[in-house]
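These are my notebook entries on a structure that I consulted.

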Amino acid sequence: MAVLPTARGPLSAKVINALKHDRRDEDLGGVSAAEPFSEDVQLALHTCYELHYQGWDEVDPEWEWDPGLLRLRGELERIFLDGLRSAVAGGSDVDGEINELLVEPVDGTGVSHLLQDSGEWWQLNEYFAHRSIYHLKEADPHAWVIPRLRGQAKAALVAVEFDEFGGGRGDRVHAQLFADLLDAAGLDSGYLAYLENAPAQMLAVVNAMSLFGLHRSLRGALVGHFAAAEITTGPSARRMAAAVSRLDGPEACRHFYTEHIEADAVHEQVLRHDVIGDLLKHEPELAADVVFGIQATEFLEGRFGEHLLSSWAAGRSSLRAPLS
């Protein structure tokens, strides 16, 4: 288990202090106006959500369903959701959204393009540290949608998850492959080892998955998120593998990305036709939620990428605390 993080504002302090001192009888109060993508809100949410994953060291697991904490989390989630809905265009054209994801711009300028073409090893290491918050729980949030699907959509999504979880082999679980990457790069492969370093832009990417996964009403958004992630991973993984090779990085670092290149190309087709197609065949009213999940994922990944690129262009670390 990870240790509780350091608070980044009054809301995260309220959550962390309650968990640290086991103050169940304390009124956690409400949330006044708060910026949805702030360090404070995102860390508070992440701390609450982690109770549903591995939990926190020396924190009673019964906090997972504490009514007072759930009320506070619900208010934080409404703020986050409102922020996401205000930031994206919305709509219900699922095929149009997916087709846009499939178009790779010739003159791409994202993080994986920079790392492939001119990135330095320290930048790759920062990227690895950021992504450890996501990849060490890779596929876990999507598993929550399984009991909320039925028929072909359920069967197909489970097939994709089976691949994500190593096809029955613990050493091939994608989270383990990323832990191997971290070890090979000389980084800490401990779960949430870089939480203190990770900025709100990274936490928001992971929090969105948890938010969508924990609410049945957002099952369409989670399926949209999963599709967006799988569709965009193949091309970026190819660039990341090239970046590692160009810098003569360890094979375990390259292997994590080569594992995703072919697999995610197949997953994209399964998710588009067998998961989304079957889901909307039976629940067409979820089309707008699927679109929202795709758009929210792209928005949050875009913010994260902009943060990295602007930090590196200014000659500074993209982490809250640089790697030692």
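I took buried to mean under 20% relative accessible area, exposed over 50%, and partly exposed in between, with a 1.4 Å probe and protein chains only. The model is predicted, so I kept local features at pLDDT of at least 70 and side-chain atom pairs at pLDDT 80 or more, whereas totals for chains, interfaces and linings use all residues. Residues are numbered from 1 along each chain as its sequence is written, and side-chain values use heavy atoms, with hydrogens and water left out.

**Entry 1: salt bridges**

I counted a salt bridge where a side-chain nitrogen of Lys or Arg is within 4 Å of a carboxyl oxygen of Asp or Glu. This rule gives 10 salt bridges.

I looked up Glu 251 and found it paired with Arg 254, with 3.2 Å between the closest N and O atoms. Both residues belong to helix H12 (residues 251-282) and are three residues apart, about one turn of the helix. For helices I used DSSP runs (H or I, at least four residues), numbered from the N terminus; strands are E runs of at least two. Glu 251 counts as partly exposed because its relative accessible area is 47%. Arg 254 is likewise partly exposed, at 29%.

I then turned to Glu 77, which forms a salt bridge with Arg 73 at 3.1 Å between the closest N and O atoms. The two are four residues apart in helix H3 (residues 67-87), so about one helical turn separates them. Both Glu 77 and Arg 73 are buried.

Which parts does the salt bridge of Lys 137 with Glu 50 tie together? The N to O distance of this pair is 3.2 Å. Lys 137 is in the loop between helix H6 (121-135) and helix H7 (140-143), and Glu 50 is in helix H2 (residues 39-50), so the pair joins parts 87 residues apart in sequence. I recorded both Lys 137 and Glu 50 as buried.

I also noted a salt-bridge network that links Arg 8, Glu 39 and Arg 320.

**Entry 2: a helix contact**

I examined contact, meaning heavy atoms within 4.5 Å, between H10 and H11. Met 209, Phe 212 and Gly 213 of H10 meet Ala 221, Leu 222 and His 225 of H11.
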